[in-house]
Amino acid sequence: MYLYNLTLQRATGITHAVHGNFSGSKTQEVLVSRGKCLELLRPDPNTGKVHTLLTVEIFGIVRSLMAFRLTGGNKDYIVVGSDSGRIVILEYVPTKNILEKVHQETFGKSGCRRIVPGQYLAIDPKGRAVMIGAIEKQKLVYILNRDAEARLTISSPLEAHKSNTLVYHMVGVDVGFENPLFACLEIDYEEADTDVTGEAVHKTQQTLTFYELDLGLNHVVRKYSEPLEEHANFLVSVPGGNDGPSGVLICSENYLTYKNLGDQHDIRCPIPRRRNDLDDPERGMIFVCSATHKTKSMFFFLAQTEQGDIFKVTLEIDEDMVTEIKLKYFDTVPVATAMCVMKTGFLFVAAEFGNHYLYQIAHLGDDDDEPEFSSAMPLEEGDTFFFAPRPLKNLVLVDEMDSLSPILACQVADLANEDTPQLYMACGRGPRSSIRVLRHGLEVSEMAVSELPGNPNAVWTVKKRVDDEYDAYIIVSFVNATLVLSIGETVEEVADSGFLGITPTLSCSALGDDAAVQVYPNGVRHIRSDKRLQDWKVTGKKQIVKCAVNQRQVVIALTGGELVYFEMDATGELKEYDTHKEMASDVVCMALGNAPSGEQMSRFLAVGLADNTVRIISLDPDDGLSPLSMQALPAAAESLCIVEMGASEEDSARGTLYLNIGLTNGV
């Protein structure tokens, strides 16, 4: 037995977000992880509205998420690090609207463990390799390539482990087509761990370490390691090759530093602070999130501080050497876990707390009077620049996605007197906090309203033809009558539909390609497409109490437990089966499965009886409604459903028929 659970309301907080061309067309999508599910979003370039293309439950925890593209390819793949102890590469297939698993390589135990890789991912910008790392010790590198049929291939893992080392972040360094290079923020705690005095802890420095994948020798080496002055929290890869100077930006407390291998000098620029800030002035300022935008002629970074202020970061370059870092205040948005700058000019902000936003980048901030801060400006050690925050100027809000994260308090109460209690939640943080009310059910758009003469007890919708996109009639049953409403530009009552209106209705559905059937207490009415009517009446004082209908079959149960079977023949007539079946007890529910693919009729009927049993009856013409099986129940059956499950679209293999039984005691 395999058990799994699905929540009725999915998580709304976003932990990771990556953008790319996953569908292979020119449009860009955003893939977000919401804890244990992946969701593919597509912003409409015309309206700016964000549409959900696909949501997939992964039944695990997404720890890291990256997009990559093979050299010369036209679509992006997704690599996922999770708590499964595996690296998984996914491809979005638009024709099937699924995320297809291209590769799944196991390297360790399941669970969020500190020495099992999955917490960090780094991609070579040319898509040639991926590094997956753990918080401590272990790092693995996989080489990505194509086979003769242009399918993505993945190599065996190459180890880059180092004992007694904690990793804070890792990125792939853009070195063009030279050997792939990865940069890691690390700290070696071996000396601090063995020092009994505790002094070594304060002397231990964080290091920036470069790992090189030698494609010729097929192994990974520690190429270079350098201690850092300030404690850093994450790295940003700088475009390289023909697009830029390569190297990395190190985001540390109060400073942004550019580093690269070779003769490049370190370029260091303080992070500007708000003028007249109400926050503690002694508290350090860090960048928490960044996004890179690159075109053929230029590139820039958007880096966000923990107060939500976004700075546009550019580099001054002279003969492939970076000479200056420039920062300019861009705008202030909610603090994000991830930001994505898209080619269509949108900025997607996956907020850490509260709703997520999609902004249009109206201006790049080049022509305004906002001061630009530079690493070349003389400052005393420890001093910084100051700026004044302002309302949005370069960004325009175009769409908003609801998020309840974080829920800090919840109360269940029926304050609206709706019989069903509502959920009252305190959500968000700081000035963006909110009180939200959740109600059970799905949100619907009201299209039309029609007053009814009484309280209905059942409602159905029916198509005129089986291949119609929309339903043509709404059938509403009352205690002593049936109302037929036509669906069009308006919803209005009609009298020429063929349905009998002077009696309540037990069931109403389409029959065959273009007919309908109405089952009512005194008979069965077959309504042909040309409005010809065929009525079957109950004889004597009996009445129809239950019925089951599919595309070509009708079974009714009369008072006393008598079953009558109807079948549609090749001419479209509804023919009564000669033999009636007497059951041992009153019928309380019935179910008729849909005809299996390639067949005209369903061969099984399930009947629930008042004696706490369910019987399976054969509808094979040669068997004469003979019983096949019986199941005793702990309580009377309330409803039955026969459904086929396990069928595969790829092959023609049939699924298995399952009988689902709902009992009166709620089981």
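Phenylalanine 68 is buried, and tyrosine 77 is buried too. In this predicted model, the two residues form an aromatic pair. Their ring centres lie 5.7 Å apart, with 25° between the planes. Planes under 30 degrees apart count as stacked, so the pair of phenylalanine 68 and tyrosine 77 is a stacked one.

Now turn to tyrosine 357 and tyrosine 359. Both are buried. They also form an aromatic pair, with 5.9 Å from centre to centre. Here the angle between the planes is 40°. Stacked pairs need an angle under 30 degrees and edge-to-face pairs one over 60, so the pair of tyrosine 357 and tyrosine 359 is classed as tilted.

These two pairs are among the 12 aromatic pairs that the structure holds. Rings can also join into a group. Phe287, Phe311, Tyr329 and Phe387 are linked by ring pairs into a cluster.

Next come the charged side chains. Arginine 268 places its charged end over the ring of tyrosine 255. The distance to the ring centre is 3.7 Å. Lysine 312 lies over the face of phenylalanine 300. In that case the distance to the ring centre is 5.0 Å.

Finally, the domain. An unreviewed UniProt entry places the feature "domain: RSE1/DDB1/CPSF1 first beta-propeller" at residues 14–401. In the model, that span is 52% strand and 3% helix. Its end C-alpha atoms lie 11 Å apart.

Conventions:
Residues numbered from 1 in each chain as written. Predicted model: local features only at pLDDT ≥ 70, side-chain atom pairs only at ≥ 80, totals over all residues. Heavy atoms only, no water. UniProt positions renumbered as here; feature names shortened; annotations may be inferred. Helix = DSSP H or I, 4+ residues; strand = E, 2+ residues; numbered from the N terminus. Phe/Tyr/Trp six-rings, centres within 6.5 Å; stacked < 30°, edge-to-face > 60°. Buried < 20%, exposed > 50% of the residue type's maximum accessible area, 1.4 Å probe, protein only. Lys NZ or Arg CZ within 6 Å of the ring centre and 35° of its normal.
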